[in-house]
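Please read them beside the sequence and the coordinates.

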Amino acid sequence: MSTSQLVFFGLAFATLFSAVLVIAARNPINSAMSLVATFLFLAAIYAQLLAHTIAVLQVLVYAGAIMVLFLFVIMLLSLTHLGDPTPPPALHQVVGGVAAVAVLAGLVVAIWRWHEMAPVGRAREGLLRFGTLEQVGGLLYTRWLLPFEAVSLLLLVAMVGAVVVAKPRI
Amino acid sequence: MDTTWLTKAWANPQALSANLWLIIALPAFGALVCGVFGRALGRTYVNLVACASVLASFCLSVFAFQAVAADPSVIVTPAANGVPMRFALSGDWGVWFQAGSFSAHLGLWVDHLSATMLMVVTGVGFLIHLYSTAYMEHDAGYWRFFAYLNLFMASMLTLVLADNLVLLFVGWEGVGLCSYLLIGFWYTDAANAWAGRKAFIANRVGDCAFLLAMMLLVLTVTAFAKAPGTEPPAVFFAQRRAVWTHAATSEPGPLNFKVLEEFAQYMPANLAMGSRGMLGTDIPIGPLAGHTYGHTLTLVFLLMLLGAAGKSAQLPLYVWLPDAMAGPTPVSALIHAATMVTAGVYLLCRMAPLLVMSPAAMATVAVVGALTALYAALIAFAQDDLKKVLAYSTISQLGYMFLGVGVGFFWGAILHLVTHACFKGCLFLSAGSVMHGNDNEVNIKKLGGLRKEMPWTTACFGIATLAITGIIPLSGFFSKDDILHGALHARLVGYEWVGPTVFAIGSLGALCTAFYMSRAYLLAFTGERSKDAKVPHAHESGWVIVAPLVILAALSIALISHGFPGLLKMPNGEPETLMEAFLKPVFGVADRLAIEAHSLLPEAERSPWPGFGIALLLAWAGGGAAWYLYKRVFPARAGKPAPEVFAAVRAFTVHKFYVDELYDAVLVRPIKLLSIGLFRVVDEGLIDTVLVGGTAWVTARIGSLLRYLQTGDVQAYAAMMAVGLLAGVGYAIFEALAK
Amino acid sequence: MQISPVDTQNYLLLAATLFCTGMLGVLVRRNALVVFMSIELMLNAANLTFLAAARERLDATGHLAALFVIAVAAAEAAIGLAIVIAVFRNRGTVNVEDIRTMKY
């Protein structure tokens, strides 16, 4: 087992552990902090996947901006109290939980059986540039310019929408 | 004098061919403008648009007519197949629709026949548009009126210009629609709306037959083209240059007139197959297999006759035309006298090369025409409504045209169509002028003495009356009596009795025509003013109304030139009229095929003059009888009740022989009862309650059960989505494993 | 420069597990905020798939897809949290079980 494999399995374990904490923690603050951890571990995995730009963006946008938003809302609404004891799960929760686990099983089977996966690991041309800001930016501002601008418009609309929805009176 | 400009086309035929669609599009555009923007544009502009579009159409038609008429290639007879070539403008705008091997093109053409019709439709149409601007000047619905009238022109021109039966049918239905709209123009009066509906439904019966005829014809022609053993279809459908046109299409579909004419050429050929050629042989393939071509064509033309009878108001479908007088008078003149009702005659003449294949169908056409001519004339005897008299007279005159078609005297029928359009248009417009000046009074017994008050109208009505009566220096004389002369000398093989019989009936009808037309003229225009008149003094109409009258009256006189026998000589020295010579390129084929198919044999040409003498005598006798009765006998007997026999006969005639009542009892009531039964059981019971109500009931019950699935809990919905996702994943894995 | 010898399969398995963890959170947690966080987990699982495939094919278009997902997630978080605030202001709770007015 090579170093990078060891690193990957360590990161994967940490990611999954913190992800489980997100949905298991009773206190939303704990959930949010676990989520930050998950995002950071994921950023590392992204970097290992040669997606350097996305890894940086993951840290900046997800672990930074979005999570600050979450924490801010939790604080604003004083949702830190643990609340009443959890009522017994409803039928749909049981069904949904079972379905989620079953889907996971199905996906694992499907991926396991995917034999055609080409082994990777040998050096290739252009690997040095792969996933760099230069390459991603080049693509973004040439072929994908229109979707990029559309996304900027989407963000603007979301911003205005958030203000309109959250304000008590307009 | 230099006359080369007469024998040379004024406009480039290619350019004309490419722009034939404009003749239809201009009035259609006018209809659009008048119908959509008419109210906003105001009266002056609506009048301008409506008249200008038709005038432009008329000018184009003149060029097209001149190009067709002036082309020197008309009389060329190539030795190759003995078919006289003829010249036609023709434009093709591609395939309109296609279904299997059937296709219909958007094709227009102008040959000698449609050129003649073009002149009638646009010429008379323009005069009547002009007239209407004055006639409708106080009507609030003027824009609607002109929109309909322009739409009618567009439809009628489609009918006339179409180069295949399918497109012709579009025009055919279009004029039917406009007729319906215009009969019911003053729809606030329920009687008018009912009259419109009656016309529409009577026409539906005919249209249904027409459609069936077309379908049969498609089957027949297609079977012939595809049958093994006949000449290759490619040769059949490609043009054999029987018609010389500027735009040739390789495969114009089985209902194209050129193809049908070509088809007709094959029918009598190949006499080895029996004395009647292909007509006696069985159709080899297709749904009609086992029936002979001859029998199928007879059936086709009997159905087509029923269709034509619906549109052209012949027995037994004539009942709608008298009621159609509910519409404005210009409409009666344009649609119900001059143009639309002649569509049936045009259709049968258009099909002439095939029609002559079936002596049985021709005999039926002739007998129906003759009976209608006499029958309608008899009803017209006792009508007091001036427009009703003219309506029955129209039915009667259309009967003469059918008679002419039936005895293979096609050019005579077309000539009568043209002259009839002029003098009957003139009569109707004069009647309109009379109504205009007499507060819409139409009862001829309540008019009288108009000669002094409306001199122009009287003169025009008088000329047109003389024309329809058949007095010698007027066009009606030759057009009608040419037909009767032709009937007497026509020999339909197997139906030899038809010619003389229809001649006798037709002559009797001519006598009646002279009587009732003279009666209408004498009662309405001469003598003293009636005491029951609505207005004490009538006033002459303005020049916009009078000018079309005068033009049409002048044409009624001038058109005699085309029926005058002996102006031209045929190559074999027999006399020939101008109209016969002009339409020879169209009907020459039919005449030749009739002889080849051994269905219609010409007799040695006899001098028409003795027959004309008899006809003139009959006309004078009818007119004289009317004059004697209404000027001498009845005024002298005034105040005394009529003898009972005559009163009964009169009542019988006034009630139109009780045909409406008969139809009502035999057809309308049973159908109504059946419909009510169907409505109650099938519609209300089965469809409304069981199907519609039942579907709604079941849906509502299921919905009220299923709504409990809508818990409003977003997680429950998400759970369902997860189950769906699971199903998708499971299916994908199952599929992969199954491979 | 070498690609690490970790198989793409492993990344996909990780992504699948992450996705289903998020799904489980969406389906069983009652706190709207935690539901939102679980959705973020699912989005990240999708991102991971994109990036793994991008490396597999050496095609940076997958990176762009991930970029757009991040942008959309930001928009979604902003709007979603605004809704949570509005709901909390009106009803005093963020428990999804208590917010079920759109029922039969």
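1. Conventions. Helices (H or I, at least four residues) and strands (E, at least two) are DSSP runs, numbered from the N terminus. The model is a predicted one, in which local features need pLDDT of at least 70, side-chain atom pairs count only at pLDDT 80 or more, and totals for chains, interfaces and linings use all residues. Residues are numbered from 1 along each chain as its sequence is written, while chains are lettered from A and ligands numbered from 1 in the order in which they are written.

2. The loop between α10 and α11 of chain B. B:P316 sits in the loop between α10 (293-311) and α11 (320-323) of chain B. The peptide bond from B:L315 to B:P316 is cis, with omega near 0 degrees. B:A313 also belongs to the loop between α10 and α11 of chain B, and B:A313, although not a glycine, has a positive phi of about 55 degrees. As a reminder, most residues other than glycine have a negative phi, and most peptide bonds are trans. Is B:A313 buried or exposed? B:A313 is buried, with 31 other C-beta atoms within 10 Å. (A residue is buried if 20 or more other C-beta atoms lie within 10 Å of its own, exposed if 12 or fewer, and partly exposed in between; C-beta atoms are placed from the backbone.)

3. A positive phi in chain C. C:L58 is a residue other than glycine with a positive phi, near 50 degrees. C:L58 is located in the loop between α2 (32-57) and α3 (61-91) of chain C. C:L58 has 16 C-beta neighbours inside 10 Å and therefore counts as partly exposed.

4. Chain A overall. Chain A has 6 helices and 0 strands, and its pattern along the sequence is α-α-α-α-α-α. Of its 170 residues, 28% count as buried. Two residues are taken to be in contact if their C-beta atoms, placed from the backbone, lie within 7 Å. Among contacts in chain A between residues at least 6 apart in sequence, 55% join residues at least 24 apart.

5. Domains of chain A. Domain bounds come from an automatic or database domain assignment. For chain A the assignment gives domain 1 (1-81) and domain 2 (129-170). The centres of domain 1 of chain A and domain 2 of chain A, taken over C-alpha atoms, are separated by 22 Å. How many residues are in contact between domain 1 of chain A and domain 2 of chain A? The contact involves 4 residues of domain 1 of chain A and 5 residues of domain 2 of chain A. On the domain 1 side there are 2 nonpolar, 2 polar and no charged residues. (Ala, Val, Leu, Ile, Met, Phe, Trp, Tyr, Cys and Pro count as nonpolar, Asp, Glu, Lys and Arg as charged, and the others, Gly among them, as polar.)

6. Domains of chain B. In chain B the assignment gives domain 1 (373-649) and domain 2 (659-738). The C-alpha centres of domain 1 of chain B and domain 2 of chain B are 62 Å apart.

7. Chain A against chain C. This contact takes 74 residues from chain A and 65 residues from chain C. On the side of chain A that touches chain C, at least two residues each come from α1 (3-24), α2 (28-48), α3 (52-76), α4 (91-112), α5 (133-140) and α6 (145-166) of chain A. The most come from α3(A), with 11 residues. By class, that side of chain A has 58 nonpolar, 15 polar and 1 charged.

8. The axes of α4(A) and helix α1 (residues 8-28) of chain C come within 9 Å and cross at roughly 175 degrees. (Axes are lines fitted to C-alpha atoms, for helices over the stretch in contact, and angles run from 0 to 180 degrees between N-to-C directions.) That makes α4(A) roughly antiparallel to α1(C). (Angles under 35 degrees count as roughly parallel, over 145 as roughly antiparallel, 65 to 115 as roughly perpendicular and the rest as oblique.) The residues of α4(A) that meet α1(C) include A:G96, A:G97 and A:A100, and those of α1(C) include C:L13, C:A16 and C:C20. The contact of α4(A) with α1(C) has 15 nonpolar, 5 polar and no charged residues.
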